[in-house]
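Q: Could you walk me through this model and tell me what stands behind each label?

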Amino acid sequence: SLRYLIQARLRTHQLYAMAESERHRAALSACCCAWALQSDTQETLAEVITPQSQDCSWANMRCLGVPLWVKSPTLLKALAEKVAQEQFRVDKDPTQCTLLYVAMGRKSTVATLWKAKGNDKLFEFFSKNFSDPRNQASAERNAYAALSKRMFQYAAAFFVLAGKARTALEMLVRKEEDWLIALMVARLLGDQELLLWFHHELYAHAHRQGKVWVQHIVLWHCKRYLDAMKVLFQGAHLGLPAESALLLDVAPLSSEA
């Protein structure tokens, strides 16, 4: 964790010298994230890298590779909640934080936020029972309406409510072009079959691009610890799909993550 922390601190100082439009480039490498993955003090590490509320923006969490290295679902949810709170604090717009709250199973929080904004229609909508097929169909219609407005994360939230989580992840990757937010959502949802599918897609994409550290992290999360080490030392392909249907046309994984 010390290696990761040093790089995170160096990144903080680097940001001061960078224009706002260039700061997305100051992302930590997958190698650094792999070291953080092995940390036995991840709770402390998470506290150190997010000392202030503005450090909890999604842009910052993404550059720090949080969905890649946090192992505990409890810690991941705690960090996701901090991100959602910061999203609402900055914009005072519930649409910005809906995806993470829905992924955490906290749609009632979204309903409360809309109630506080005086929007009774959306308060009633998010208060519905989405195990009802009629409400799922309504959520899907809202998803396509949000998609037409290029509100991709908001649309993804509606797809999750509609029972189409895989569609939500596909859209986050292909439209939002952010595979890390898709990974975050997949992990927060807690659907192991869905997460395994996404891990396989991510592994295949990383394999095709020769991103061995991303492959290592994916294998580690899949509890294939020996294979995770082999892929580093042997560059081996280890029985997971060689081609990713989901990420085939997506921009290459950056060298930073």
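A: Let's start with burial: buried means under 20% relative accessible area, exposed means over 50%, and partly exposed lies in between (1.4 Å probe, protein chains only). Buried residues make up 48% of the 257 residues in the chain. This is a predicted model, where local features need pLDDT of at least 70 and side-chain atom pairs count only at pLDDT 80 or more, while totals for chains, interfaces and linings use all residues. Residues are numbered from 1 along each chain as its sequence is written, and side-chain values use heavy atoms, with hydrogens and water left out.

Q: What makes Tyr-101 buried or exposed?
A: Tyr-101 has 5% relative accessibility, so it counts as buried. The residue is found in helix H7 (residues 98-103). Helices here are DSSP runs (H or I, at least four residues), strands are E runs of at least two, and both are numbered from the N terminus. Contact means heavy atoms within 4.5 Å. Leaving out residues up to four places away in sequence, Tyr-101 touches Glu-81, Ala-84, Gln-85, Arg-106, Lys-107, Thr-109, Val-110 and Leu-113. Tyr-101 and Lys-77 are 24 residues apart in sequence, with 9.5 Å from C-alpha to C-alpha.

Q: What is Ile-6 called: buried, partly exposed or exposed?
A: Ile-6 has a relative accessible area of 43%, so the label is partly exposed. Ile-6 sits in helix H1 (residues 2-16). Its C-alpha atom and that of Cys-32, 26 residues apart along the chain, are separated by 9.6 Å.

Q: How many helices and strands does the chain have?
A: There are 16 helices and zero strands. Of the contacts between residues at least 6 apart in sequence, 59% join residues at least 24 apart.

Q: Why are H12 and H13 called roughly antiparallel?
A: Axes are lines fitted to C-alpha atoms, for helices over the stretch in contact, and angles run from 0 to 180 degrees between N-to-C directions. Under 35 degrees counts as roughly parallel, over 145 as roughly antiparallel, 65 to 115 as roughly perpendicular, and the rest as oblique. Helix H12 (residues 165-174) and helix H13 (residues 179-189) pack at an angle of about 160 degrees, with their axes 7 Å apart. H12 and H13 are therefore roughly antiparallel. The contact is made by Ala-165, Leu-169, Leu-172 and Val-173 of H12 and by Trp-179, Ile-181, Ala-182, Val-185, Ala-186 and Leu-189 of H13.

Q: Which residues of H12 are buried, and what covers them?
A: In H12, Ala-165, Ala-168, Leu-169, Met-171, Leu-172 and Val-173 are buried. Their cover includes H7, helix H10 (133-148), helix H11 (152-161), H13 and helix H14 (192-209).

Q: What makes H2 and H15 roughly parallel?
A: The axes of helix H2 (residues 30-37) and helix H15 (residues 212-221) come within 8 Å and cross at roughly 25 degrees. H2 and H15 are therefore roughly parallel. Their contact holds nine nonpolar, two polar and no charged residues.

Q: And why are H6 and H13 called oblique?
A: The axes of helix H6 (residues 73-91) and H13 come within 10 Å and cross at roughly 125 degrees. H6 and H13 are therefore oblique to each other. Leu-76, Lys-77 and Ala-80 in H6 meet Met-184, Arg-187 and Leu-188 in H13. That contact divides into four nonpolar, no polar and two charged residues.

Q: What makes Glu-177 stand out?
A: Glu-177 has a positive phi of about 55 degrees although it is not a glycine. Most residues other than glycine have a negative phi. Glu-177 lies in the loop between H12 and H13, and at 57% relative accessibility it counts as exposed.

Note on methods
Nonpolar A, V, L, I, M, F, W, Y, C, P; charged D, E, K, R; others polar.
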